[in-house]
Amino acid sequence: MKLAFIAFLLGQWISLSLPNTPRTPEGKPDLYAPSPKGYNGRPDFSGIWRVAASKYLFNITVDIGEAPFQPWAAELYKRRSDALGKDRPSERCIPHGIPDGMLVANSPFKIVQTAGEMVILYEEFNHFRQIFTDGRGFPPETSPSWFGYSIGRWDGDTFVAETTGFNDQSWFDDPGHPHSDALRVTERFRRPDFGHMTVEVTIDDPKAYTKPWSVKIPFNLLPDTELIESICENERDHAHIVGK
Amino acid sequence: MELRYDQSDVQASKRLAGRRGLFARANVAGISMKFGATVLFLLLQWVNVPLPNTPRTADGKPNLTAPVPRTSDGKPDLSGLWRNPDGKYLANIAADGIVVPFQPGAEALYKERQENFSKDRPSGRCLPHGIPDAMLVPATPFKLVQTPGVTLILYENQGRFRQVFTDGRDFPKQMDPTWLGYSVGKWDGDTFVADTRGLNDQTYLDDGGHPHSDAYHAVERFHRRDFGHMDMELTIDDPKAYQRPWKVTFHFELFPDNEIMESVCENELDWQHRVGK
């Protein structure tokens, strides 16, 4: 698994001096400057972010030990991880899900925050996700989907996203922590300063886990750059990787 | 504030979904007569969301002829869900009788694609529709999210996005060719002008297969006429493929009180089995 190959040739991130980047006296981005404020004086999470360590993609529970699996979920996880994550959706150009779309170290993501919503633009596969803050509630019926339906709210300076309406297809990480369609994810976004963000992800899925569990994932800002386009062109090599 | 969904919304959205199915069939019909196409995506159900910023008529319906909403700096706010309901443009962007000033090579390629029913078009392999045709798929609307520094185009089709930068940056000195290019926006009065370069030569301008080269420079001029209507004039400037720049104007309708759905293309490999001439 550690030898997982790089599925994409990485183009070159561009360097551009963005007007809203706070700078040190020598002109470098000041990553410890105060976090910017957006609508209603709350922190503005807008920017390009990258997971601080790739270990989470290789095991989302790396910091907390084993997840409180239900028996079938433990069995499925063992089968998937023994097979080195073969058959994971991303090998068929299907998005990484929540949270693992944010965990791909080679592919940052961009947050664009407005009064009405937070948009997350994933460099990987050029997909996006919306978290609505315009006062709407969850719709009475949603079709199960890869990214679910997300509603955001504020808890002080913490942005809290609640997501339901998932299908049971995405994996939490590459070795295959599973979930069911009963999944409810709560993400608590904090931006303590300009260059750093943490997202505490709580997994609540009584069909797959005996109790809710949480992981806290750190992210670093990628200043003065832009996402590059990354289109998955029917990558089919990974299916040929042979596990146990 | 909590927006409430009542049962009539659900019913309305079901009706809408039915209409949407019709559009999809109508859209495919244009192709299917010629191409024998299958529907590439299972159509799910749009969610009816009574949005707080929708102006309403006395009977509570969205007022599609209300004035254009504006941002705090007085510019038109293009934000919203938009759709081109007429599938003819997806089949042929020159459908309105436009004489396309092909270069000979581009004309031959177009003819070849016409004859093989565009069986190799990128969207048949889950690769992006381009500029403009990602906006022309009647069954899948797109959403504009206008912010001071960037305007996002969120395509329901394949769940992809584009960014049009308005933070003062210029084009990068070096651009790797990409499917959706690099876009910089500016205002010309009340018209938002998106200038796009850095495109690869892979996308089709429409399903019929109007080609472009990597010299393609697209200029889209968005003009929101009122709350419910927007025009976009596209200039196709591609001297390798066309003898001179040419223009097409598309009309979009707002899709009020709605949200785009997730549409993930799952390695659709059927399209390439279609057999042309």
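In the predicted model, strand E4(A) and strand E5 of chain A, the latter spanning residues 149-155, pair in the parallel sense over two bridges. Within this pairing, Ile131(A) stands opposite Ser150(A) of E5(A). E4(A) is also joined to strand E3 of chain A (residues 117-122), here in the antiparallel sense and through five bridges. Leu121(A) has Phe128(A) of E4(A) as its bridge partner. The hairpin formed by E3(A) and E4(A) places five residues between the strands, and Phe125(A) adopts a positive phi near 65 degrees in this hairpin.

Strand E4 of chain A, residues 128-132, is mostly covered, with five of its five residues buried. In a regular strand, side chains alternate between the two faces of the sheet. For E4(A), both faces are covered: Phe128(A), Gln130(A) and Phe132(A) are buried on one side, and Arg129(A) and Ile131(A) are buried on the other.

Further antiparallel pairing involves strand E7 of chain A, residues 184-193, which is connected by five bridges to strand E6 of chain A, residues 158-164.

The contact between the chains draws 32 residues from chain A and 35 residues from chain B. On the side of chain A that touches chain B, the residues comprise 16 nonpolar, ten polar and six charged.

Methods. Residues are numbered from 1 along each chain as its sequence is written. Chains are lettered from A and ligands numbered from 1 in the order in which they are written. This is a predicted model: local features need pLDDT of at least 70, side-chain atom pairs count only at pLDDT 80 or more; totals for chains, interfaces and linings use all residues. A residue is buried if 20 or more other C-beta atoms lie within 10 Å of its own, exposed if 12 or fewer, and partly exposed in between; C-beta atoms are placed from the backbone. Helices (H or I, at least four residues) and strands (E, at least two) are DSSP runs, numbered from the N terminus. Two strands pair if DSSP finds at least two bridges between them. Two residues are in contact if their C-beta atoms, placed from the backbone, lie within 7 Å. Ala, Val, Leu, Ile, Met, Phe, Trp, Tyr, Cys and Pro count as nonpolar, Asp, Glu, Lys and Arg as charged, and the others, Gly among them, as polar.
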